[in-house]
Amino acid sequence: FSYYSSALEVIDEIHKSGGYASLAHPFMYPSKDKFSFIEELICELPIDMVECIYPEFTLDERIFLKQLCQKYNKFISGGSDYHGLNRPKNLLGTGINDNLNIPFSLVKPWVNHLNNTLILKK
């Protein structure tokens, strides 16, 4: 008996509840070949979006993730990873040293998709 759900079970539950499944800060996962591992996750898992904009990612990492999103038709997301006092350098909404900027143009595709989904359900 397992107390933990598999990634597929969790993603399925997110979708059943009408949510988007997101791959959060993928370059933070331990792996010898992070680029191949991340592409495999994005390609194989039925996720909807990938956190491409993250305070600790380099510009090259952000570009790589955005290209994978385009290749595999995933939404792009981002976040400051603010967790309060246990991560004092990650500030809410601004990242580290104000290095977080998520333009509305990245969010707009989710809004459009959500609006179309809600219209179809009526």
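**Entry 1: ground rules**

I noted that this is a predicted model, in which local features need pLDDT of at least 70 and side-chain atom pairs count only at pLDDT 80 or more, whereas totals for chains, interfaces and linings use all residues. Residues are numbered from 1 along each chain as its sequence is written, and side-chain values use heavy atoms, with hydrogens and water left out.

**Entry 2: the chain as a whole**

I counted four helices and three strands in the protein chain, and from the N terminus on the elements run α-β-α-β-α-β-α. The C-alpha atoms fill a box of roughly 45 × 40 × 30 Å when taken along the principal axes. Of the 122 residues, 31% count as buried; buried means under 20% relative accessible area, exposed over 50%, and partly exposed in between, with a 1.4 Å probe and protein chains only. I also looked at contacts (heavy atoms within 4.5 Å), and among those between residues at least 6 apart in sequence, 66% join residues at least 24 apart.

**Entry 3: the sheet**

I found an open sheet of three strands in the order S1-S2-S3, with parallel pairing; two strands are taken to pair if DSSP finds at least two bridges between them. S1 and S3 stand at the edges, each with a single partner strand, so one side of each is left without a neighbour in the sheet. Two bridges join S1 to S2, and in this pairing Leu23 stands opposite Val50 in S2. Four bridges join S2 to S3, and there Met49 stands opposite Phe75 in S3. Turning to burial, I saw that five of the five residues of S2 are buried, so S2 is largely enclosed by the rest of the structure.

**Entry 4: helix packing**

How do the axes of H2 and H3 cross? They come within 10 Å and cross at roughly 30°, the axes being lines fitted to C-alpha atoms, for helices over the stretch in contact, with angles running from 0 to 180 degrees between N-to-C directions. That makes H2 roughly parallel to H3, since angles under 35 degrees count as roughly parallel, over 145 as roughly antiparallel, 65 to 115 as roughly perpendicular and the rest as oblique. The contact is made by Phe35, Ile38, Glu39, Ile42 and Cys43 of H2 together with Phe64, Leu65, Leu68, Lys71 and Tyr72 of H3. I then checked H3 against the sheet, and H3 lies across S2 and S3, running at about 155° to S2.

**Entry 5: the nonpolar core**

I took a nonpolar core as a set of buried Ala, Val, Leu, Ile, Met, Phe, Trp, Tyr and Cys residues joined through side-chain atoms within 4.5 Å. The largest such core has 21 residues, and those with the most contacts inside it are Ile38, Ile42, Ile47, Val50 and Leu65. Helix H2 (34-44), strand S2 (49-53) and helix H3 (59-72) each supply at least two residues of this core, and its largest share, four residues, comes from H3. I listed the partners of Ile47 beyond four places in sequence, and they are Ile11, Ala21, Leu23, Ile42 and Lys74.

**Entry 6: residues in loops**

Is Phe27 buried or exposed? Phe27 is buried, with a relative accessible area of 6%, although it lies in the loop between S1 and H2. Leaving aside neighbours within four places in sequence, Phe27 is in contact with Lys34, Phe35, Ile38, Phe57, Glu61, Phe64 and Leu65.

Asn73 is found in the loop between H3 and strand S3 (75-78), has a positive phi of about 55° although it is not a glycine, and counts as exposed at 70% relative accessibility.

Last, I looked at Tyr82 in the loop between S3 and helix H4 (104-121), which counts as partly exposed at 42% relative accessibility. Beyond its neighbours within four places in sequence, Tyr82 is in contact with Asn90, Leu91 and Leu92, while the C-alpha atoms of Tyr82 and Gly95, 13 residues apart along the chain, are separated by 7.6 Å.
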